[in-house]
Amino acid sequence: MPTFVYMTSCDGCGYCVDICPSDIMHIDPTYRRAFNVEPNMCWECYSCVKACPQQAIDCRGYADFAPLGHSVRVLREEEKATVSWRIKFRDGREKNFVSPIRTTPWGSIKGPSDYPPPDSAAMRSQALAHEPEALKVATLPTLPSTRFKKGLV
Ligand code: SF4
Ligand code: SF4
């Protein structure tokens with residue numbers, strides 16, 4: 001279910017723009033409000049829903065899930081650290097789901113700029129940033145250089 005923005009609720013803070021992994025949340029240059037420029041490319045990750053402090057983002061239900069006459073409302077409740085989903089079907093039935101936004105306290109995750117820049121050895125490593133410690137394992141398997149494509153050693 002791709003997302004859309006209620007422009008009358010949006011204040012143009014840009015949090016959804018920053019967090020969208022598909023880079024499809026943009027700020028309209030005229031109205032200074034966010035909008036989803038390409039719903040077909042939406043990952044449906046709902047990071048924007050979780051990030052929006054104005055409850056300005058909702059999603060459109062697919063026809064098989066919530067056909068004509070439906071509504072899908074998403075409510076982000078930061079104080080409870082939850083996202084609530086209210087789905088109303090056209091026959092009047094309602095389904096409500098509550099999911100945790102996160103499992104760690106707000107503000108407890110460091111941003112990329114809080115870490116020192118990677119050195120040249122880290123840039124050549126097969127591990128991603130903060131691996132393997134972030135995965136809470138001692139080591140990760142690596143590919144032998146003989147299996148690399150030519151020029152990638
Ligand atoms: Fe971007 Fe995810 Fe929101 Fe889709 S649901 S607009 S991919 S942040
Ligand atoms: Fe608008 Fe919400 Fe996006 Fe901020 S996070 S720009 S309020 S839709």
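User: Why is Tyr6 called partly exposed?

Analyst: In this predicted model, Tyr6 has a relative accessible area of 31%. Buried means under 20%, and exposed means over 50%. The value for Tyr6, 31%, falls in between, so Tyr6 is partly exposed.

User: And Phe4, is that residue buried or exposed?

Analyst: Phe4 has 17% relative accessibility. The limit for buried is under 20%. Therefore Phe4 counts as buried.

User: How many aromatic pairs does the whole structure hold?

Analyst: A search of the whole structure turns up two. Phe4 and Tyr6 make one of them, with 5.0 Å from centre to centre and 75° between the planes.

User: What makes Phe4 and Tyr6 an edge-to-face pair?

Analyst: Take two steps. Ring centres must lie within 6.5 Å to pair, and those of Phe4 and Tyr6 are 5.0 Å apart. Planes over 60 degrees apart count as edge-to-face.

User: Why does the pair of Tyr46 and Trp85 tie together separate parts of the chain?

Analyst: Look at where the partners lie. Tyr46 is in the loop between β3 (34-36) and α2 (47-51), while Trp85 belongs to strand β6 (residues 82-88). The parts are 39 residues apart in sequence, so the pair links them.

User: How do you know that Tyr46 is buried?

Analyst: Its relative accessible area is 12%. That is under 20%, so Tyr46 is buried. Trp85, at 15% relative accessibility, counts as buried by that limit as well.

User: What makes the charged end of Arg93 count as sitting over the ring of Phe89?

Analyst: The charged end of Arg93 is 5.1 Å from the ring centre of Phe89. The distance limit is within 6 Å, and the charge must also lie within 35 degrees of the ring normal. Arg93 sits over the ring. Lys110 does likewise over the ring of Tyr115, at 4.5 Å from its centre.

User: Why is Phe89 called buried?

Analyst: Phe89 has a relative accessible area of 18%. Under 20% means buried, so Phe89 qualifies. Phe89 is in the loop between β6 and β7 (94-100).

User: Which residues come nearest to ligand 1?

Analyst: Cys20, Cys42, Cys45, Tyr46 and Cys48 come nearest, out of 14 residues around ligand 1. The shell divides into nine nonpolar, four polar and one charged.

User: Which residues are closest to ligand 2?

Analyst: Cys10, Cys13, Gly14, Cys16 and Cys52 are the closest of the 13 around ligand 2. This shell has nine nonpolar residues, three polar and one charged.

User: Why is Glu44 called partly exposed?

Analyst: Glu44 has 29% relative accessibility. The value lies between 20% and 50%, so Glu44 is partly exposed. Glu44 is not a glycine, yet its phi is positive, near 60°.

Methods:
Residues numbered from 1 in each chain as written. Chains lettered and ligands numbered in written order. Predicted model: local features only at pLDDT ≥ 70, side-chain atom pairs only at ≥ 80, totals over all residues. Heavy atoms only, no water. Phe/Tyr/Trp six-rings, centres within 6.5 Å; stacked < 30°, edge-to-face > 60°. Buried < 20%, exposed > 50% of the residue type's maximum accessible area, 1.4 Å probe, protein only. Helix = DSSP H or I, 4+ residues; strand = E, 2+ residues; numbered from the N terminus. Near = heavy atom within 4 Å. Nonpolar A, V, L, I, M, F, W, Y, C, P; charged D, E, K, R; others polar.
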